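Welcome, and have a look at the model below. The notes that follow walk through a few backbone details, a side-chain contact and some helix packing.

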Amino acid sequence: MDPWVQRAAADIAGRAERELEALVAVSSPSGDVHGAEECAAVCVALLPGEAAVERIACSSPGHAPDLLARLRGTGARRVLLVGHVDTVVATARHKPLHREGEHLVGSGSVDMKGGVVLALGVLRALAARPEAFAEVALLLVCDEEWRTAPFAHKDRFADWDACLCFEAGELTPHGDEAVVVRRKAAGTVRVTARGRSAHSGSAPDRGRNALLALAAAAQAVATHHAPDGPDRLTAVPTVLHAGDAFNVVPGSGELVCDLRADDEAAILAAVDAIPRQYDGVALEPSLARLWPGMHSEAATEPLLARAGEALGRPIVGMRRGGASDASHLASVVPVTVDGLGPRGGKAHNPGEYVLASSLATRAEVALAMTAAALAG
């Protein structure tokens, strides 16, 4: 292993669990301005003193500003590190970090405050090597989990040499270190229903049942679910609201579905298949968001080979179905790699955790990838 990677990873790992505990202690669901500001304060305290800090407008209106930290050096290349501090867990259900054997359990620990801790450590390690880079920046956003607005920051970094995103890491089935070089496109569709209310006991047939119409729309979406098909489309109805009283035919409602596919066209085809009316109920589908996919396999192959040499063991590029800000940046920074964070599991669930031992091994991966990206 490259000696700098080995030394710097040991320094990061020595602090990582305490830093993760401090960051997870803050409840920061998307849209919570106070939580985002608390997270920003923790992150600024963990930045190297040499970093210039900016707060830049978030992509989503009404959110706290995002955090951008920059290091300027005397080298030739520019690399962007990316993460997010928001979680999907509401404050009432928030769990601070605690250890259960090898698991560091806490809300947002693996998605993705563990990755933020490693990214901060990488920036501190680079602060002592200004000759290695022209500029390194760390972008931490506070709206990744629920954003429907366009991503605001990609043009700012369009001519940078590489982008490294710190979502959770993983191993291959053979035990090799893995990073993410391919992601699906992601779409969120909302279907609104306009029917007619009526008394469900004395005049049920005068009503036009929005709940039944939305159920038909949900079935229409679900029939396109084909994760083993050519586009690997997943089409999952996730939320349905209709009606306000147990004795009234529901006259309106809304359905939300989550769709992921290698090709955006497969998502649009599933949306087009939703009927526009059902038994007298008008159905109006609309795309609340459509995030691009990421296809960085070819552009990142030389980078992974160089990083594997610095690490002293292979780094393998893999695909992942979940959406990420890396997908937005990959469209303007072809050399984009994701999945540099620690390993763990149960993201978005009460038992979400980071594997404690992976903080050291994934710090090594992140540093090797960064060194390789700066070497060009």
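D279 has a relative accessible area of 59%, so it counts as exposed. Do keep in mind that this is a predicted model. D279 sits in the loop between β15 (277–278) and β16 (281–291), and its phi is near 50 degrees, a positive value in a residue other than glycine.

R232 also deserves a glance: phi is positive here, at about 50 degrees, although R232 is not a glycine. Its place is the loop between α4 (210–222) and β12 (234–242). Is R232 buried or exposed? With a relative accessible area of 17%, R232 is buried, because the cut-off for that class is under 20%.

## A cis peptide bond

Next, a backbone detail to check in your viewer. D111 and M112 are joined by a cis peptide bond, with omega at about -5 degrees.

## A buried glutamate

E177 lies in strand β9 (residues 177–183). Its relative accessibility is 7%, so E177 counts as buried. Which side chain forms a polar contact with that of E177? The partner is R362, at 2.8 Å.

Leaving aside residues up to four places away in sequence, E177 touches E170, L171, L311, R313, P314, I315, V316, T361, R362 and V365.

## Helix α3 against α1

Two packed helices are described by the angle between their axes and the distance between the axes. For helix α1 (residues 3–24) and helix α3 (residues 109–127), the axes come within 8 Å and cross at roughly 135 degrees. That angle makes α1 oblique to α3, and the crossing is right-handed.

On the α1 side the contact is made by W4, A8, I12, R15, A16, E19, L20, L23 and V24. The α3 side supplies S109, K113, G114, V116, V117, L118, G121, V122, R124, A125 and L126. Sorted by class, this contact has 13 nonpolar, three polar and four charged residues.

## Helix α3 against α8

α3 also packs with helix α8 (residues 358–375), at an angle of about 50 degrees and with the axes 10 Å apart. The two helices are therefore oblique to each other, and α3 passes α8 in a right-handed crossing.

Here L118, V122, A125 and L126 of α3 meet L359, R362, A363, A366, L367, T370 and L374 of α8. The residues of this contact divide into nine nonpolar, one polar and one charged. R362, one of the α8 residues in this contact, is also the polar partner of E177.

Key: Residues are numbered from 1 along each chain as its sequence is written. This is a predicted model: local features need pLDDT of at least 70, side-chain atom pairs count only at pLDDT 80 or more; totals for chains, interfaces and linings use all residues. Side-chain values use heavy atoms; hydrogens and water are left out. Axes are lines fitted to C-alpha atoms, for helices over the stretch in contact, and angles run from 0 to 180 degrees between N-to-C directions. Helices (H or I, at least four residues) and strands (E, at least two) are DSSP runs, numbered from the N terminus. Angles under 35 degrees count as roughly parallel, over 145 as roughly antiparallel, 65 to 115 as roughly perpendicular and the rest as oblique. A crossing is left-handed if the near helix is turned anticlockwise from the far one by less than a right angle, and right-handed if clockwise. Contact means heavy atoms within 4.5 Å. Ala, Val, Leu, Ile, Met, Phe, Trp, Tyr, Cys and Pro count as nonpolar, Asp, Glu, Lys and Arg as charged, and the others, Gly among them, as polar. Buried means under 20% relative accessible area, exposed over 50%, partly exposed in between (1.4 Å probe, protein chains only). A polar contact is a pair of N or O atoms within 3.5 Å; within protein, one must be able to donate a hydrogen and the other to accept it, and residues adjacent in sequence count only if both atoms are side-chain atoms.
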